[in-house]
Amino acid sequence: MKKFISALLLCVVCLVGCGQTETKANYKTDVKTEDIANKILEAVNIDTLTLADNGWVALNISIDLSLCDESAVYINTTSSSDMFGVFKASSEENADKLLDEAKAYLKNLKDNWMSEYLADQFPKIENAVAKKCGLYVTFLIFDDTARANAETEFVNMLKE
């Protein structure tokens, strides 16, 4: 009898769970990438990051900036691999494309990193993330603490 009641309760829980749908988070659409980038800069506290121009981005990162309304990519001016980008897509479809391109960029970096070159920087590359919140996409290449702080700021800036 106990087994029957336990099985019945399990079925009820499963049926209730099946009826629930996951709600899609709502994100702001009017935040400037420059404002997001400034929050990330504050969160990571790395003073050797500088804004890259679109020419540098076109030559060094396989991300199609024509998919964006705005973008900001910060690179490190030292031998550190610290870097991040923030992109505001012109549509939801383009945001998905930008996320795919950011993930492909990070994978390419990881796959082609020469272990004898700045070996101490490889964990940043290996653990880099790309994330999308609505129309916004970011990639973050930092140590664990800075990356977590940057990701938190990115999400918090865009939550409604």
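**Stop one: the sheet**

Start with the 5 strands, which form an open, antiparallel sheet in the order 1-2-3-5-4. Strands here are DSSP runs of E with at least two residues, helices are runs of H or I with at least four, and both are numbered from the N terminus. Two strands pair if DSSP finds at least two bridges between them. Now select the edges, strand 1 (49–51) and strand 4 (129–133), each of which pairs on one side only. From one strand to the next, the twist averages 15°; axes are lines fitted to C-alpha atoms (for helices, over the stretch in contact), and angles run from 0 to 180 degrees between N-to-C directions.

Before moving on, a note: this is a predicted model, where local features need pLDDT of at least 70, side-chain atom pairs count only at pLDDT 80 or more, and totals for chains, interfaces and linings use all residues. Residues are numbered from 1 along each chain as its sequence is written, and side-chain values use heavy atoms, leaving out hydrogens and water.

**Stop two: a strand pair**

Select residues 83–89 (strand 3) and 136–141 (strand 5): they run antiparallel, joined by 6 bridges. Click Phe87 and look for its bridge partner in strand 5, Val137.

**Stop three: helix 2**

Next, pick residues 33–44. This is helix 2, lying across strand 1, strand 2 (68–76), strand 3 and strand 5, at about 155° to strand 3. Zoom in on Ile36, in helix 2. Is Ile36 buried or exposed? Its relative accessibility is 0%, so Ile36 counts as buried (under 20% relative accessible area; exposed is over 50%, partly exposed in between, with a 1.4 Å probe and protein chains only).

What does Ile36 touch? Leaving aside residues up to four places away in sequence, its contacts (heavy atoms within 4.5 Å) are Val31, Val86, Tyr136, Phe154, Met157 and Leu158.
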